[in-house]
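Dear colleague,

Please find the structure below, followed by a short account of what was found in it.

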Amino acid sequence: MNKSLFFRLLAASATLLTLLFGLVWVFPVYWMLVTSLKSDTDTTLLPPKLLPSPIDFSAYTYILANSPILRWYANSVITSLVITALVLVLALLCAYALSQLEFPGKPWLYWIILAGFMIPFQASIVPLFMLMNKLGLVNSYAGIVLPQLASPIAVVIYKQFFDQVPRDLGDAARIDGATEFRVLFSVYLPMNWNITWALAIVTFIAAWNNFFWPFIVTNSIPMMTIPVGITQVQSAYGIAYAKTMATAVMAAFPTVVAYLLFQRRVTEGIMATAGLK
Amino acid sequence: MARATGKILSGEPRWRTQGLFRWLTALLMIVGFVLVYFFFLIYPSLRVLQLSFTNADIAGKGVFVGLANYARLLQDPNFWNALWNTLYFILLTVVPNTLLGFIMALLVLRLRRAQKLVLAAFFLPYVLPVSVVTNLWIWLLDQNFGIINYLSQSSIAWFQDPVFAMPAVAFVTIWWTVGFNILLFMAALQNVPRELYEAAQLDGATSTQVFRYITWPMVWPVTSLVLLLQLIAQFKIFDQVYLLTGGGPFDKTMVVLLLLYRSAFQQQQGGYSSTIGVVLLVVILLTSLVQARYSGLGRRTS
């Protein structure tokens, strides 16, 4: 009797500790939001106010009026959406061919694509930058987008999923005279909407958050994506944390919303890309 | 029905024998990906090797110099400092992040109603852009007005302090990425078949025994995956360091990729920076090969 009470107390305190730790972990995100809603004088008050009172939107209005943040937003929206769409389409087609069609050099190609998992593109930014320079793509959307399409993960994941579709389903359509493109888009793709959504969201978040490559390939302020651009704002304002946090909130908004809306898909996508499905 | 039709046709169906046409279809399907893949991943990875034997500038103009860059690299104290700092950063992040991920996964899995919410609290930082994370922590750890120095009654300039700078960057990295580890561990723990636990309970196993003989062996494959994935990711560390400390103070947080970046884009040394790139490439390829053996590119398909 006593023992079971002890264990129940232990379990309850473990639960409490977990909840508390979760709160501590997410507190910085809360602090980002709260700071962004304070006036500049309130941010540096000690002891700090845990709630913004009164709520002050001046940091937001100031940033929107005085920085190219909307331009960076547009750059990020455009490049991330284009990257997501192209990564999926290219992977879909290539994976279908690898999974369902026969062509010379197929095992080789698949081997090279698998090997690509191991190649860090960071190691070759110098030749990559030279290439972009030669193509005249520095400071352009194409320059930001193109290298981010060379990602083998979506191809490998799609191939795994296509391998599991029963062959009979495709064959039935083929006998009815469907072309391979038709079979892909009317049989294989509809059967794999879930993983397609998961891949789309994960690819979008990764493209939106990518810092390193856009940072290398853009050096003119109007061509920067938002994660690169906001580092400029910070150095321009010095200690003006309400403004820095307001830009941070705006920069993080799309990925946070995407995650909160599609939690399950994000989890699926992460598992698939980590090779755990 | 499909099966029946297939049987009637028997042998190789007609649509499979029209060789050339089918090859063309396949070619059309792979050409897009293959082009970007070779142009923007494979070609630069080979070119970096070639550049490392030249004294090229950042425009790519230069002549063959043999192993001169490699000889210089081995004697460059900046390189050894960067390599050492990178290993120190790996030490500060990889194991603590894995341990924390595992413990939190165990704790979060115990929860019932609040499970999704608490998981979201830990995972949320992972979806933030890196510059948001760094700006946020520059604020939280501000020397004079940051809430952490206020709560701890200290006045450390975390990112400018020669001793604390690297641990601070490591801590921010853990805060940012531990959600990923928790997610993987939770999946692994949930995959342990229930019957195993029930059988152990019937046999009267203690909870330490259950952990030692059931949970741990089932979770070890994911642990090795998590360790190696992080090892690879942290060897390429750049973003947080560049944004939080810029490599300072006194090069105490100068890491390999940051050295490469400086050498390439600030000192215009295309050849020498490519040599650093080759080191990065080789180390990561080797680590990945180990990972491929453990978590299995081969097993991926099964």
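**Contact between the chains**

In this model, 83 residues of chain A are in contact with 74 residues of chain B; two residues are in contact if their C-beta atoms, placed from the backbone, lie within 7 Å. On the side of chain A that touches chain B, helix 1 (residues 2-36) gives the most, with twelve residues. Helices (H or I, at least four residues) are DSSP runs, numbered from the N terminus. By class, that side of chain A has 58 nonpolar, 19 polar and six charged residues. Here Ala, Val, Leu, Ile, Met, Phe, Trp, Tyr, Cys and Pro count as nonpolar, Asp, Glu, Lys and Arg as charged, and the others, Gly among them, as polar.

The model is predicted: local features need pLDDT of at least 70, side-chain atom pairs count only at pLDDT 80 or more, and totals for chains, interfaces and linings use all residues. Residues are numbered from 1 along each chain as its sequence is written, while chains are lettered from A and ligands numbered from 1 in the order in which they are written.

**Chain A**

Chain A has 15 helices and zero strands. Its C-alpha trace spans about 75 × 75 × 35 Å along the principal axes. Of the contacts in chain A with a separation of 6 or more, 74% are accounted for by residues 24 or more positions apart.

**A residue of chain B**

Which residues does Ile182(B) touch? Not counting residues up to four places away in sequence, Ile182(B) touches Gly101(B), Met104(B), Ala105(B), Val108(B), Leu119(B) and Phe122(B).

Yours sincerely

Definitions and conventions
Helices (H or I, at least four residues) and strands (E, at least two) are DSSP runs, numbered from the N terminus.
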